[in-house]
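Please look over the structure below before reading on, and keep it in view while the paragraphs lead from the overall architecture to single residues.

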Amino acid sequence: MDETPVVTSFDDAVLQAQVHALATLIQETDAYQAFLRAYKAASEDAQVHHLAAQIREHNRALQWAEGDYFAHQQALEALQAEMNALPLMQTYRQAEADLVRLFAAVDREISAALGVPFARNARRSGCACGR
């Protein structure tokens with residue numbers, strides 16, 4: 001009979017240490033570091049802040065049905081296109097996509113080791129199907 005204790009909470013210090021070790025490994029990847037650099041650059045860019053404020057204002061106007069709906073929608077689309085055209089934001093979006101691929105790869109490996117989908121089952125559901 002297997003005497004291995006069943007972990008019923010995340011209070012297990014060994015498990016926490018192993019999770020932190022995995023997090024450290026992820027933090028050391030090129031994808032994670034590139035994302036941090038891109039995020040920091042976008043967060044500190046005045047043009048990004050200006051465009052984001054305008055986008056928020058048009059979103060608010062649309063949400064509260066203020067003014068001309070079509071004018072706000074057109075302005076919003078133009079601002080979003082301008083934001084997405086910035087090389088800084090293109091770099092950010094690419095770094096974000098690369099990080100998502102890394103997370104998906106980690107999830108696939110953990111899922112394969114467990115024999116069940118990991119991330120999908122990490123959220124509360126009524127059944128083991130993860131839905």
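Predicted model: local features only at pLDDT ≥ 70, side-chain atom pairs only at ≥ 80, totals over all residues.

Residues are numbered from 1 along each chain as its sequence is written, and side-chain values use heavy atoms, with hydrogens and water left out.

The secondary structure of the protein consists of 6 helices and 0 strands, where helices (H or I, at least four residues) and strands (E, at least two) are DSSP runs numbered from the N terminus. Read from the N terminus, the order of elements is accordingly α-α-α-α-α-α. Of the 131 residues in the protein, 18% are buried; here buried means under 20% relative accessible area, exposed means over 50%, and partly exposed lies in between, with a 1.4 Å probe and protein chains only. The protein exposes about 9,900 Å², of which carbon and sulfur atoms supply 58%; such areas come from the Shrake-Rupley method with a 1.4 Å probe, and for residues only the protein chains shown count as cover. Among contacts in the protein with a separation of 6 or more, 51% join residues 24 or more positions apart, a contact being heavy atoms within 4.5 Å.

How do α4 and α5 pack against each other? Their axes are 5 Å apart and meet at an angle of about 75°, the axes being lines fitted to C-alpha atoms, for helices over the stretch in contact, with angles running from 0 to 180 degrees between N-to-C directions. That angle makes α4 roughly perpendicular to α5, since angles of 65 to 115 degrees are classed in this way, whereas those under 35 count as roughly parallel, those over 145 as roughly antiparallel and the rest as oblique. On the α4 side the contact is made by Met-83, Asn-84 and Ala-85, and on the α5 side by Pro-87, Met-89, Gln-90 and Arg-93.

Ala-42 belongs to helix α2, residues 30-43, and counts as buried at 9% relative accessibility. Ala-42 and Leu-86 are 44 residues apart in sequence, yet their C-alpha atoms are 10.0 Å apart in space. A second pair of this kind is formed by Gln-94 and Ala-38, which are 56 residues apart in sequence and 9.1 Å apart in space, C-alpha to C-alpha. Gln-94 is part of helix α5 and is partly exposed, with a relative accessibility of 43%.

The charged side chains come next. Side chains of opposite charge can pair when their charged atoms come close. A search of the whole structure finds 5 salt bridges, each defined as a side-chain nitrogen of Lys or Arg within 4 Å of a carboxyl oxygen of Asp or Glu. Which residues does the network of salt bridges link? Its members are Glu-57, Arg-60 and Glu-66. Arg-60 pairs with Glu-57, their closest N and O atoms being 2.5 Å apart, and because these two residues are 3 residues apart in helix α3, about one helical turn separates them. Arg-60 also meets Glu-66, at 2.7 Å from N to O. Arg-60 is partly exposed at 34%, as is Glu-57 at 43% and Glu-66 at 35%. Another salt bridge joins Asp-98 and Arg-101 at 2.2 Å, N to O; both lie in helix α5, 3 residues or about one turn apart.

Ala-65 lies in the loop between α3 (46-63) and α4 (69-85). Most residues other than glycine have a negative phi. Ala-65, by contrast, has a positive phi, near 55°, and counts as exposed at 66% relative accessibility.

Finally, Leu-114, Val-116 and Phe-118 form a nonpolar surface patch with about 270 Å² of accessible area together. Patches are made of residues with over 30% relative accessible area and no salt bridge, like charges being joined within 9 Å and nonpolar side chains (Val, Leu, Ile, Met, Phe, Trp, Tyr) within 5 Å. Phe-118 is found in helix α6, residues 118-121, and is partly exposed, with a relative accessible area of 38%.
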